[in-house]
Amino acid sequence: MKRIGIDAIALAVPEGYVELADLAHARSVSPGKFVDGLGVERMAVARAHEDPVALGANAARRLFAMSGADTSRIGLCVVGTETAVDHSKPIAAYLHGLLALPTACRVFEAKHACFGGTAGLLNAVDWIASGSARGRQALVVCTDVARYAIGSAGEPTQGAGAVALLVSENPRLVELEVGVTGSYARDVHDFWRPLHSKEAVVDGHYSVQCYLDALTGAYEAWRHACGTDYSEPIARRCYHVPYGKMAKKAHRHVMALEGKGEAEADASYVEEVGTSLRLPAQIGNVYTGSLYLALASLLEAEASRIEGKRVALFSYGSGCTAEFFAGRVASGAGAFSRALRLAEPLEGRRRYTIPEYEAIRRADADADRRPIESANFGAGTVAFLGVEGERRVY
Ligand code: CAA
(Lines give C-alpha, C1' and ligand atoms only; values in the text may rest on other atoms or scores of the structure.)
Protein backbone atom coordinates (compact mmCIF):
# COMPACT_ATOMS: atom_id res chain seq x y z
CA MET A 1 0.00 0.00 0.00
CA LYS A 2 1.34 3.45 -0.91
CA ARG A 3 2.28 5.85 1.88
CA ILE A 4 0.67 9.19 0.94
CA GLY A 5 0.42 12.50 2.75
CA ILE A 6 1.75 15.98 3.38
CA ASP A 7 5.39 16.17 2.34
CA ALA A 8 6.04 19.86 3.04
CA ILE A 9 4.26 23.01 4.24
CA ALA A 10 4.99 26.73 3.84
CA LEU A 11 3.15 29.87 4.93
CA ALA A 12 2.77 33.40 3.65
CA VAL A 13 1.29 36.23 5.71
CA PRO A 14 0.73 39.94 5.05
CA GLU A 15 3.44 42.32 6.26
CA GLY A 16 1.23 43.88 8.95
CA TYR A 17 -1.17 43.00 11.74
CA VAL A 18 -3.48 44.55 14.31
CA GLU A 19 -3.00 43.87 17.99
CA LEU A 20 -6.39 42.67 19.28
CA ALA A 21 -5.95 44.65 22.51
CA ASP A 22 -5.72 47.81 20.32
CA LEU A 23 -8.88 46.83 18.45
CA ALA A 24 -10.72 46.14 21.72
CA HIS A 25 -9.73 49.58 23.00
CA ALA A 26 -10.96 51.25 19.79
CA ARG A 27 -14.28 49.38 19.95
CA SER A 28 -14.76 50.09 23.69
CA VAL A 29 -14.62 46.38 24.51
CA SER A 30 -12.60 44.76 27.29
CA PRO A 31 -9.37 43.34 25.75
CA GLY A 32 -10.08 40.20 27.81
CA LYS A 33 -13.01 39.43 25.53
CA PHE A 34 -10.89 39.26 22.37
CA VAL A 35 -7.66 37.87 23.84
CA ASP A 36 -9.04 35.38 26.42
CA GLY A 37 -12.70 35.14 25.36
CA LEU A 38 -11.92 34.47 21.68
CA GLY A 39 -8.31 33.31 22.07
CA VAL A 40 -6.74 35.66 19.48
CA GLU A 41 -3.82 38.02 20.10
CA ARG A 42 -3.18 39.48 16.64
CA MET A 43 -4.94 39.45 13.29
CA ALA A 44 -3.06 39.76 10.02
CA VAL A 45 -4.32 42.56 7.77
CA ALA A 46 -3.81 42.36 4.00
CA ARG A 47 -3.15 45.48 1.97
CA ALA A 48 -4.35 45.72 -1.63
CA HIS A 49 -1.14 44.25 -3.12
CA GLU A 50 -1.41 41.25 -0.75
CA ASP A 51 -4.45 39.69 -2.41
CA PRO A 52 -5.18 35.93 -2.28
CA VAL A 53 -3.21 35.31 -5.51
CA ALA A 54 -0.12 37.10 -4.17
CA LEU A 55 -0.33 35.39 -0.77
CA GLY A 56 -0.86 31.99 -2.41
CA ALA A 57 2.02 32.47 -4.85
CA ASN A 58 4.37 33.60 -2.08
CA ALA A 59 3.48 30.57 0.08
CA ALA A 60 4.00 28.22 -2.88
CA ARG A 61 7.32 29.82 -3.86
CA ARG A 62 8.51 29.43 -0.31
CA LEU A 63 7.33 25.79 -0.31
CA PHE A 64 9.56 24.93 -3.27
CA ALA A 65 12.50 26.99 -2.01
CA MET A 66 12.49 25.52 1.50
CA SER A 67 11.62 21.90 0.72
CA GLY A 68 13.86 21.43 -2.30
CA ALA A 69 10.86 20.11 -4.27
CA ASP A 70 10.88 20.47 -8.02
CA THR A 71 8.07 22.35 -9.80
CA SER A 72 8.52 20.13 -12.87
CA ARG A 73 7.12 17.18 -10.87
CA ILE A 74 3.75 18.85 -10.16
CA GLY A 75 0.85 17.20 -12.00
CA LEU A 76 -2.04 18.66 -9.97
CA CYS A 77 -2.45 22.21 -8.68
CA VAL A 78 -5.53 22.97 -6.58
CA VAL A 79 -6.28 26.22 -4.80
CA GLY A 80 -8.82 26.24 -1.99
CA THR A 81 -10.26 29.70 -1.39
CA GLU A 82 -13.45 31.48 -0.44
CA THR A 83 -12.09 34.90 -1.42
CA ALA A 84 -11.57 34.32 -5.14
CA VAL A 85 -10.51 37.26 -7.32
CA ASP A 86 -12.59 36.32 -10.37
CA HIS A 87 -15.89 34.51 -11.00
CA SER A 88 -14.32 32.39 -13.75
CA LYS A 89 -10.51 32.41 -13.81
CA PRO A 90 -9.24 30.40 -10.82
CA ILE A 91 -6.39 31.54 -8.58
CA ALA A 92 -4.81 28.20 -9.50
CA ALA A 93 -4.39 29.47 -13.09
CA TYR A 94 -2.46 32.53 -11.85
CA LEU A 95 -0.28 30.29 -9.67
CA HIS A 96 0.31 27.93 -12.57
CA GLY A 97 1.78 30.87 -14.49
CA LEU A 98 3.63 32.57 -11.64
CA LEU A 99 5.29 29.30 -10.61
CA ALA A 100 5.91 28.11 -14.18
CA LEU A 101 4.30 24.73 -13.51
CA PRO A 102 4.26 22.09 -16.27
CA THR A 103 1.57 22.39 -18.97
CA ALA A 104 0.67 18.72 -18.35
CA CYS A 105 -1.03 19.66 -15.11
CA ARG A 106 -4.63 19.53 -13.79
CA VAL A 107 -5.38 23.02 -12.43
CA PHE A 108 -8.50 24.23 -10.62
CA GLU A 109 -9.98 26.11 -7.67
CA ALA A 110 -12.10 24.44 -4.99
CA LYS A 111 -14.81 26.25 -3.04
CA HIS A 112 -16.79 25.27 0.00
CA ALA A 113 -16.09 28.07 2.50
CA CYS A 114 -13.19 27.05 4.78
CA PHE A 115 -13.35 23.44 3.53
CA GLY A 116 -11.89 24.27 0.07
CA GLY A 117 -8.30 23.46 1.10
CA THR A 118 -9.31 20.10 2.51
CA ALA A 119 -11.26 19.36 -0.67
CA GLY A 120 -7.99 19.99 -2.53
CA LEU A 121 -5.89 17.93 -0.15
CA LEU A 122 -8.18 14.87 -0.11
CA ASN A 123 -8.57 15.09 -3.87
CA ALA A 124 -4.78 15.13 -4.22
CA VAL A 125 -4.44 12.10 -1.93
CA ASP A 126 -7.03 10.16 -3.96
CA TRP A 127 -5.31 11.26 -7.23
CA ILE A 128 -2.06 9.70 -6.00
CA ALA A 129 -3.75 6.59 -4.51
CA SER A 130 -5.62 5.92 -7.76
CA GLY A 131 -2.41 5.82 -9.78
CA SER A 132 -3.31 8.91 -11.85
CA ALA A 133 -0.30 10.78 -10.46
CA ARG A 134 2.18 8.32 -12.05
CA GLY A 135 4.95 9.41 -9.67
CA ARG A 136 4.09 13.12 -9.79
CA GLN A 137 3.25 15.36 -6.83
CA ALA A 138 0.36 17.71 -6.04
CA LEU A 139 0.48 21.34 -4.97
CA VAL A 140 -2.47 22.39 -2.79
CA VAL A 141 -2.64 26.05 -1.81
CA CYS A 142 -5.13 27.46 0.70
CA THR A 143 -5.34 31.25 0.47
CA ASP A 144 -7.79 33.80 1.87
CA VAL A 145 -8.37 37.27 3.21
CA ALA A 146 -11.06 37.10 5.93
CA ARG A 147 -13.17 40.25 6.16
CA TYR A 148 -16.19 41.10 8.31
CA ALA A 149 -17.81 44.52 8.65
CA ILE A 150 -15.91 47.07 10.73
CA GLY A 151 -17.38 47.17 14.23
CA SER A 152 -19.24 43.84 13.83
CA ALA A 153 -18.95 40.88 16.24
CA GLY A 154 -16.94 39.03 13.58
CA GLU A 155 -14.34 41.84 13.21
CA PRO A 156 -11.89 40.44 15.82
CA THR A 157 -11.97 37.06 14.04
CA GLN A 158 -10.50 38.34 10.75
CA GLY A 159 -7.09 37.39 9.39
CA ALA A 160 -5.26 36.74 6.12
CA GLY A 161 -2.67 34.35 4.81
CA ALA A 162 -1.87 31.32 2.70
CA VAL A 163 -0.70 27.80 3.43
CA ALA A 164 0.92 25.77 0.65
CA LEU A 165 1.03 21.98 0.92
CA LEU A 166 3.06 19.55 -1.14
CA VAL A 167 1.23 16.21 -1.34
CA SER A 168 3.19 13.15 -2.35
CA GLU A 169 4.10 9.52 -1.80
CA ASN A 170 6.54 8.83 1.08
CA PRO A 171 5.74 12.16 2.77
CA ARG A 172 8.32 13.77 5.03
CA LEU A 173 5.82 15.38 7.45
CA VAL A 174 2.49 13.56 7.87
CA GLU A 175 1.32 10.27 6.37
CA LEU A 176 -2.48 10.36 6.03
CA GLU A 177 -4.80 7.37 6.58
CA VAL A 178 -5.95 7.04 2.98
CA GLY A 179 -9.65 6.29 2.41
CA VAL A 180 -10.53 6.54 6.11
CA THR A 181 -12.37 9.83 6.51
CA GLY A 182 -15.71 10.84 8.05
CA SER A 183 -17.79 13.32 6.03
CA TYR A 184 -20.79 15.45 6.98
CA ALA A 185 -22.93 17.94 5.04
CA ARG A 186 -26.07 20.00 5.63
CA ASP A 187 -27.54 23.01 3.82
CA VAL A 188 -27.43 25.88 6.34
CA HIS A 189 -27.01 29.67 6.35
CA ASP A 190 -24.46 30.10 9.13
CA PHE A 191 -21.83 32.09 7.23
CA TRP A 192 -21.76 33.15 3.57
CA ARG A 193 -20.62 35.95 1.27
CA PRO A 194 -23.04 37.27 -1.36
CA LEU A 195 -21.53 37.87 -4.82
CA HIS A 196 -21.79 41.65 -4.42
CA SER A 197 -19.89 41.77 -1.12
CA LYS A 198 -16.25 41.56 -0.03
CA GLU A 199 -17.37 41.08 3.57
CA ALA A 200 -18.84 37.87 4.95
CA VAL A 201 -22.33 37.73 6.40
CA VAL A 202 -22.54 35.56 9.50
CA ASP A 203 -25.07 34.35 12.03
CA GLY A 204 -22.28 34.12 14.62
CA HIS A 205 -23.68 32.02 17.47
CA TYR A 206 -25.59 29.79 15.05
CA SER A 207 -22.32 29.23 13.12
CA VAL A 208 -20.70 27.93 16.30
CA GLN A 209 -23.58 25.46 16.74
CA CYS A 210 -23.36 24.39 13.06
CA TYR A 211 -19.61 23.77 13.50
CA LEU A 212 -20.25 21.58 16.55
CA ASP A 213 -23.12 19.67 14.87
CA ALA A 214 -20.86 19.03 11.87
CA LEU A 215 -18.12 17.86 14.22
CA THR A 216 -20.50 15.29 15.74
CA GLY A 217 -21.53 14.03 12.29
CA ALA A 218 -18.01 13.87 10.84
CA TYR A 219 -16.54 12.33 13.98
CA GLU A 220 -19.18 9.56 14.14
CA ALA A 221 -18.69 8.85 10.43
CA TRP A 222 -14.91 8.70 10.93
CA ARG A 223 -15.26 6.35 13.89
CA HIS A 224 -17.42 4.08 11.73
CA ALA A 225 -14.89 4.25 8.84
CA CYS A 226 -12.00 3.40 11.18
CA GLY A 227 -13.55 0.15 12.34
CA THR A 228 -11.15 -1.54 14.75
CA ASP A 229 -8.39 1.06 14.09
CA TYR A 230 -10.54 3.54 16.00
CA SER A 231 -9.11 2.49 19.34
CA GLU A 232 -5.54 3.45 18.39
CA PRO A 233 -4.68 6.47 20.54
CA ILE A 234 -4.69 10.01 19.15
CA ALA A 235 -1.72 12.04 20.43
CA ARG A 236 -2.67 15.46 19.03
CA ARG A 237 -5.79 17.05 17.54
CA CYS A 238 -5.93 19.92 15.07
CA TYR A 239 -9.28 21.63 14.52
CA HIS A 240 -10.43 24.30 12.09
CA VAL A 241 -9.59 27.52 14.00
CA PRO A 242 -11.79 30.55 13.19
CA TYR A 243 -10.54 31.74 16.61
CA GLY A 244 -8.70 29.79 19.31
CA LYS A 245 -11.65 29.42 21.68
CA MET A 246 -13.58 27.54 18.96
CA ALA A 247 -10.92 24.82 19.06
CA LYS A 248 -11.39 24.55 22.81
CA LYS A 249 -15.15 24.17 22.35
CA ALA A 250 -14.48 21.57 19.63
CA HIS A 251 -12.16 19.60 21.88
CA ARG A 252 -14.70 19.54 24.72
CA HIS A 253 -17.30 18.40 22.19
CA VAL A 254 -15.19 15.49 20.87
CA MET A 255 -14.28 14.44 24.39
CA ALA A 256 -17.99 14.42 25.29
CA LEU A 257 -18.61 12.13 22.30
CA GLU A 258 -15.95 9.87 23.82
CA GLY A 259 -17.81 9.95 27.14
CA LYS A 260 -15.43 12.34 28.90
CA GLY A 261 -16.50 15.33 30.97
CA GLU A 262 -15.41 18.99 30.71
CA ALA A 263 -12.72 18.73 33.40
CA GLU A 264 -11.12 15.75 31.65
CA ALA A 265 -11.36 17.52 28.27
CA ASP A 266 -9.72 20.66 29.64
CA ALA A 267 -6.95 18.57 31.21
CA SER A 268 -6.02 17.00 27.82
CA TYR A 269 -6.56 20.27 25.88
CA VAL A 270 -3.19 21.83 26.67
CA GLU A 271 -1.21 18.76 25.58
CA GLU A 272 -3.38 17.61 22.67
CA VAL A 273 -4.44 20.96 21.15
CA GLY A 274 -2.41 23.78 22.77
CA THR A 275 0.60 24.04 20.43
CA SER A 276 -1.61 23.95 17.30
CA LEU A 277 -3.12 27.30 18.35
CA ARG A 278 0.10 29.32 18.71
CA LEU A 279 0.40 30.49 15.09
CA PRO A 280 -3.38 30.96 14.61
CA ALA A 281 -3.39 33.27 17.68
CA GLN A 282 -0.81 35.47 15.90
CA ILE A 283 -2.53 35.53 12.48
CA GLY A 284 -6.29 35.08 12.99
CA ASN A 285 -8.67 33.21 10.74
CA VAL A 286 -7.18 32.28 7.36
CA TYR A 287 -10.35 30.39 6.36
CA THR A 288 -9.27 27.53 4.00
CA GLY A 289 -5.76 27.45 5.45
CA SER A 290 -6.83 27.56 9.08
CA LEU A 291 -6.62 23.81 9.81
CA TYR A 292 -3.25 23.59 8.05
CA LEU A 293 -1.95 26.64 9.89
CA ALA A 294 -2.85 24.74 13.07
CA LEU A 295 -0.97 21.68 11.77
CA ALA A 296 2.05 23.86 10.87
CA SER A 297 1.92 25.36 14.36
CA LEU A 298 1.91 21.88 15.92
CA LEU A 299 4.83 20.70 13.77
CA GLU A 300 6.80 23.90 14.38
CA ALA A 301 6.39 23.46 18.13
CA GLU A 302 6.88 19.76 18.65
CA ALA A 303 7.30 17.62 15.52
CA SER A 304 10.36 15.81 16.97
CA ARG A 305 8.44 14.84 20.11
CA ILE A 306 5.51 13.33 18.19
CA GLU A 307 7.24 11.44 15.37
CA GLY A 308 5.33 8.18 14.79
CA LYS A 309 2.31 9.46 16.73
CA ARG A 310 -1.26 9.74 15.39
CA VAL A 311 -2.77 13.19 14.76
CA ALA A 312 -6.48 13.83 14.13
CA LEU A 313 -7.64 16.62 11.81
CA PHE A 314 -11.07 18.30 11.63
CA SER A 315 -12.00 20.56 8.74
CA TYR A 316 -15.20 22.65 8.70
CA GLY A 317 -16.64 24.72 5.87
CA SER A 318 -19.72 26.84 6.55
CA GLY A 319 -22.76 26.22 4.49
CA CYS A 320 -21.87 23.49 5.52
CA THR A 321 -19.59 20.48 5.11
CA ALA A 322 -16.94 18.87 7.30
CA GLU A 323 -14.48 16.02 7.35
CA PHE A 324 -12.66 14.25 10.19
CA PHE A 325 -9.51 12.26 9.32
CA ALA A 326 -6.16 11.28 10.77
CA GLY A 327 -2.50 10.76 9.97
CA ARG A 328 0.81 9.87 11.49
CA VAL A 329 3.78 12.20 11.96
CA ALA A 330 6.62 10.85 9.80
CA SER A 331 9.92 9.68 11.16
CA GLY A 332 12.39 12.56 10.60
CA ALA A 333 9.60 15.17 10.59
CA GLY A 334 11.25 17.02 13.48
CA ALA A 335 14.46 17.81 11.63
CA PHE A 336 12.61 18.49 8.37
CA SER A 337 10.14 20.90 10.05
CA ARG A 338 13.08 22.83 11.48
CA ALA A 339 14.64 23.04 8.00
CA LEU A 340 11.34 24.40 6.61
CA ARG A 341 11.46 27.30 9.15
CA LEU A 342 7.66 27.29 9.22
CA ALA A 343 7.17 30.39 11.40
CA GLU A 344 9.80 32.58 9.69
CA PRO A 345 7.25 34.59 7.62
CA LEU A 346 5.83 36.04 10.86
CA GLU A 347 9.14 37.68 11.76
CA GLY A 348 9.50 41.44 11.36
CA ARG A 349 5.81 42.16 10.80
CA ARG A 350 4.52 45.70 11.29
CA ARG A 351 1.92 46.61 13.91
CA TYR A 352 -0.78 48.77 12.31
CA THR A 353 -2.59 51.42 14.30
CA ILE A 354 -6.38 51.20 14.18
CA PRO A 355 -6.63 54.29 11.88
CA GLU A 356 -4.09 52.62 9.50
CA TYR A 357 -6.11 49.37 9.55
CA GLU A 358 -9.36 51.24 8.88
CA ALA A 359 -7.74 53.11 5.97
CA ILE A 360 -6.57 49.76 4.50
CA ARG A 361 -10.13 48.44 4.77
CA ARG A 362 -11.58 51.56 3.07
CA ALA A 363 -9.11 51.06 0.21
CA ASP A 364 -10.48 47.53 -0.28
CA ALA A 365 -13.62 48.93 -1.91
CA ASP A 366 -11.98 49.74 -5.26
CA ALA A 367 -8.80 47.64 -4.95
CA ASP A 368 -9.94 45.29 -7.71
CA ARG A 369 -10.30 48.18 -10.17
CA ARG A 370 -7.20 50.20 -9.40
CA PRO A 371 -4.86 51.04 -12.29
CA ILE A 372 -1.39 49.55 -12.31
CA GLU A 373 1.01 51.03 -9.76
CA SER A 374 4.70 50.39 -9.89
CA ALA A 375 6.15 49.83 -6.45
CA ASN A 376 9.06 47.98 -4.99
CA PHE A 377 7.79 45.07 -2.92
CA GLY A 378 11.15 43.34 -2.48
CA ALA A 379 12.96 40.87 -4.70
CA GLY A 380 11.15 37.57 -5.18
CA THR A 381 7.86 38.79 -3.71
CA VAL A 382 4.70 38.43 -5.77
CA ALA A 383 2.37 41.45 -5.43
CA PHE A 384 -0.90 42.52 -7.04
CA LEU A 385 -0.03 45.66 -9.05
CA GLY A 386 -3.46 46.60 -10.38
CA VAL A 387 -5.74 46.05 -13.36
CA GLU A 388 -5.11 46.75 -17.04
CA GLY A 389 -7.85 46.09 -19.60
CA GLU A 390 -9.77 44.09 -16.93
CA ARG A 391 -6.72 41.85 -16.49
CA ARG A 392 -5.12 41.52 -13.06
CA VAL A 393 -1.38 42.12 -13.16
CA TYR A 394 1.17 40.65 -10.71
N1 CAA B 1 -12.88 38.33 29.47
C2 CAA B 1 -12.80 37.03 29.08
N3 CAA B 1 -13.77 36.44 28.30
C4 CAA B 1 -14.80 37.19 27.90
C5 CAA B 1 -14.94 38.56 28.27
C6 CAA B 1 -13.91 39.12 29.10
N7 CAA B 1 -13.95 40.40 29.45
N8 CAA B 1 -16.07 39.03 27.71
C9 CAA B 1 -16.63 38.01 27.01
N10 CAA B 1 -15.88 36.91 27.12
C11 CAA B 1 -16.08 35.61 26.51
C12 CAA B 1 -17.52 35.13 26.47
O13 CAA B 1 -17.88 34.53 27.70
C14 CAA B 1 -17.47 34.15 25.31
O15 CAA B 1 -16.90 32.92 25.73
P16 CAA B 1 -17.69 31.55 25.48
O17 CAA B 1 -17.85 31.41 23.98
O18 CAA B 1 -16.80 30.51 26.08
O19 CAA B 1 -19.01 31.69 26.16
C20 CAA B 1 -16.47 34.78 24.35
O21 CAA B 1 -15.74 35.75 25.11
C22 CAA B 1 -17.11 35.48 23.15
O23 CAA B 1 -18.10 36.34 23.67
P24 CAA B 1 -19.51 36.49 22.90
O25 CAA B 1 -20.06 35.15 22.56
O26 CAA B 1 -20.36 37.43 23.69
O27 CAA B 1 -18.98 37.20 21.59
P28 CAA B 1 -19.79 37.82 20.40
O29 CAA B 1 -21.23 37.48 20.48
O30 CAA B 1 -19.45 39.27 20.30
O31 CAA B 1 -19.15 37.12 19.12
C32 CAA B 1 -18.68 35.28 17.68
C33 CAA B 1 -18.54 35.85 19.09
C34 CAA B 1 -20.13 34.89 17.43
C35 CAA B 1 -17.80 34.04 17.55
C36 CAA B 1 -18.24 36.35 16.65
O37 CAA B 1 -16.89 36.69 16.84
C38 CAA B 1 -18.43 35.93 15.21
O39 CAA B 1 -19.53 36.06 14.65
N40 CAA B 1 -17.34 35.44 14.54
C41 CAA B 1 -17.38 35.01 13.15
C42 CAA B 1 -18.05 33.66 12.96
C43 CAA B 1 -17.20 32.49 13.42
O44 CAA B 1 -16.00 32.56 13.50
N45 CAA B 1 -17.88 31.36 13.67
C46 CAA B 1 -17.18 30.14 14.08
C47 CAA B 1 -17.89 28.90 13.58
S48 CAA B 1 -18.12 29.00 11.80
C49 CAA B 1 -16.57 28.62 11.16
O50 CAA B 1 -15.73 28.09 11.83
C51 CAA B 1 -16.30 29.01 9.74
C52 CAA B 1 -15.39 30.19 9.73
O53 CAA B 1 -14.18 30.05 9.67
C54 CAA B 1 -16.01 31.52 9.76
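Which residue in β15 is the bridge partner of Y17? Select Y17 and look across to β15: the partner is R351. Keep in mind that this is a predicted model.

**Stop 1**

Y17 has its bridge partner in β15, and strand β2 covers residues 16-19. Two bridges join β2 to β15, and the two strands run parallel. The three strands form an open sheet in the order β3-β2-β15, with mixed pairing. Colour β3 and β15 (350-351) as the edges: each pairs on one side only.

**Stop 2: D51**

Next, select D51. This residue sits in the loop between β3 (42-45) and α3. Is D51 buried or exposed? Its relative accessibility is 6%, so D51 counts as buried. Show its surroundings. Leaving out residues up to four places away in sequence, D51 touches V85, F384, R392 and Y394. Zoom in on Y394. Its side chain makes a polar contact with the side chain of D51, at 2.4 Å.

**Stop 3: helix α4**

Move to residues 91-98, which make up helix α4. Which residues of α4 are buried? Pick out I91, A92, Y94, L95 and H96. Then show what covers them. The cover includes helix α3 (52-67). Strands are part of it too, among them β4 (74-80), β5 (106-110), β6 (137-146) and β17 (391-393).

**Stop 4**

Select C114 and C142 together. How many disulfides does the model have? The count comes to zero, because a disulfide needs two cysteine sulfur atoms within 2.5 Å. C114 is in no disulfide, and its nearest cysteine sulfur, that of C142, is 10 Å away. C142 is likewise in no disulfide; for it, the nearest cysteine sulfur is that of C114. Check how covered each one is. C114 has 7% relative accessibility and counts as buried. C142 is buried as well, with a relative accessible area of 1%.

**Stop 5: the ligand**

Now centre the view on the ligand. How many residues are around the ligand? There are 25, and K33, H205, S207, K245 and K249 come nearest. Start with K249. One of its polar side-chain atoms lies 2.5 Å from an oxygen atom of the ligand. Go on to A153, where a polar backbone atom is 2.9 Å from an oxygen atom of the ligand. Then find G32. A polar backbone atom of G32 is 3.4 Å from a nitrogen atom of the ligand. Taken alone, the ligand exposes 1100 Å², and the protein buries 73% of that.

**Stop 6: S304**

Finish at S304, in the loop between α10 (290-302) and β13 (310-317). With a relative accessibility of 42%, S304 counts as partly exposed. Which residues does S304 touch, not counting residues up to four places away in sequence? Select G334 and R338. The side chain of R338 makes a polar contact with the side chain of S304, at 3.1 Å.

Methods:
Residues numbered from 1 in each chain as written. Predicted model: local features only at pLDDT ≥ 70, side-chain atom pairs only at ≥ 80, totals over all residues. Heavy atoms only, no water. Buried < 20%, exposed > 50% of the residue type's maximum accessible area, 1.4 Å probe, protein only. Helix = DSSP H or I, 4+ residues; strand = E, 2+ residues; numbered from the N terminus. Contact = heavy atoms within 4.5 Å. Polar contact = N/O pair within 3.5 Å; in protein donor to acceptor, adjacent residues only side chain to side chain. Near = heavy atom within 4 Å. Areas by Shrake-Rupley, 256 points an atom, 1.4 Å probe, with all protein chains shown as cover. Pairing = 2+ DSSP bridges.
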